[in-house]
Amino acid sequence: MHAFIWHGAVIGLGATAVMDLWALLQRRLFGVPSLDYALVGRWLGHFPRGRFRHEAIMAAPPVAGERALGWTAHYAIGMLFAALLIGLWGPEWVADPTPGPALFIGVGTVVVPFLIMQPAFGAGLAASRTPQPNKARFRSLVAHLSFGVGLYLAAKISALWG
């Protein structure tokens, strides 16, 4: 169990960092905006008040510590998805990672923003209420593909550590 938690944390943190580096690279080179994780914190910060959906998350009142809450949640969710990967493919995959399962989980995680976060933020199902839904969908898909690449790379590094 200790190894499962350790690898889930290491792989999840590494994969999420790869996703964030990809977003940073896109923003710096191409001006592609990335998600402001303070908005994730704002969304989560409204949960105790019984508010789970917003017409427009940017117009919702800010909550104390929303940026730290959002970034913490972002990395915690990455670790949970890594744990899901390890749970489905087992310790054998961690010992000898292959790209297929990592990419499957990475791309599969795009259902979370499409079905949960974007509707809750007021952007509609799969960003349907945004000015350019297909562009937003493509960016989400690419971001989660980068997470899948990160899962694989982090697992390869983790496997070296034993």
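Me: Let's start with H2 and helix H5: at what angle do they pack, and how far apart are their axes?

Reply: H2 and helix H5 (residues 111-121) pack at an angle of about 85°, and their axes are 11 Å apart. Here axes are lines fitted to C-alpha atoms, for helices over the stretch in contact, and angles run from 0 to 180 degrees between N-to-C directions. Helices (H or I, at least four residues) are DSSP runs, numbered from the N terminus. H2 and H5 are therefore roughly perpendicular to each other, where angles of 65 to 115 degrees count as roughly perpendicular, those under 35 as roughly parallel, those over 145 as roughly antiparallel and the rest as oblique.

Me: Before we go on, what sort of model is this?

Reply: This is a predicted model, in which local features need pLDDT of at least 70 and side-chain atom pairs count only at pLDDT 80 or more, while totals for chains, interfaces and linings use all residues. Residues are numbered from 1 along each chain as its sequence is written, and side-chain values use heavy atoms, with hydrogens and water left out.

Me: Which residues meet between H2 and H5?

Reply: From H2 there are Leu39, Val40 and Trp43, and they meet Ile116, Met117, Ala120 and Phe121 in H5, where contact means heavy atoms within 4.5 Å. By class, this contact of H2 with H5 has seven nonpolar, no polar and no charged residues. In that scheme Ala, Val, Leu, Ile, Met, Phe, Trp, Tyr, Cys and Pro count as nonpolar, Asp, Glu, Lys and Arg as charged, and the others, Gly among them, as polar.

Me: And how do H2 and H3 pack?

Reply: H2 and H3 pack at an angle of about 95°, with their axes 6 Å apart, and that makes H2 roughly perpendicular to H3. The contact involves Tyr37, Ala38, Val40, Gly41, Arg42, Leu44 and Gly45 of H2, together with Glu66, Arg67, Leu69, Gly70, Trp71, Ala73 and His74 of H3. The contact of H2 with H3 divides by class into seven nonpolar, four polar and three charged residues.

Me: What about H1 and H6, at what angle do they pack?

Reply: Helix H1 (residues 2-30) and helix H6 (residues 133-161) pack at an angle of about 135°, with their axes 7 Å apart. H1 and H6 are therefore oblique to each other. The residues in the contact include Trp6, Val10 and Trp22 of H1, and Phe147, Leu151 and Trp161 of H6. Taken by class, the contact of H1 with H6 has 14 nonpolar, eight polar and no charged residues.

Me: Switching to rings, how many aromatic pairs are there?

Reply: The count comes to seven aromatic pairs, with rings of Phe, Tyr and Trp (its six-membered ring) taken to pair if their centres lie within 6.5 Å; planes under 30 degrees apart count as stacked, over 60 as edge-to-face and the rest as tilted. Tyr37 and Trp71 form a tilted pair, at 4.7 Å centre to centre and with 55° between the planes. This pair links distant parts of the chain, since Tyr37 is in helix H2 (residues 37-45) and Trp71 in helix H3 (residues 66-95), 34 residues apart.

Me: Is Tyr37 buried or exposed?

Reply: Tyr37 is buried, with a relative accessible area of 12%, whereas Trp71 is partly exposed at 34%. Buried means under 20% relative accessible area, exposed over 50%, and partly exposed in between (1.4 Å probe, protein chains only).

Me: Why is the pair of Phe81 and Phe147 edge-to-face?

Reply: The ring centres of Phe81 and Phe147 are 6.4 Å apart and their planes lie at 70°, so the pair is edge-to-face. Phe81 lies in helix H3 and Phe147 in helix H6, so this pair ties together parts that are 66 residues apart in sequence. Phe81 and Phe147 are both buried.

Me: Which rings are linked into a cluster?

Reply: Ring pairs link Trp43, Phe47, Phe52 and Phe121 into a cluster.

Me: Last topic: where is Ala127, and what is its phi?

Reply: Ala127 lies in the loop between H5 and H6, and it has a positive phi of about 60° although it is not a glycine. Ala127 counts as buried, at 1% relative accessibility. Ala126 is placed in the loop between H5 and H6 too, with a positive phi near 50°, and at 14% relative accessibility Ala126 counts as buried.

Terms used. Helices (H or I, at least four residues) and strands (E, at least two) are DSSP runs, numbered from the N terminus.
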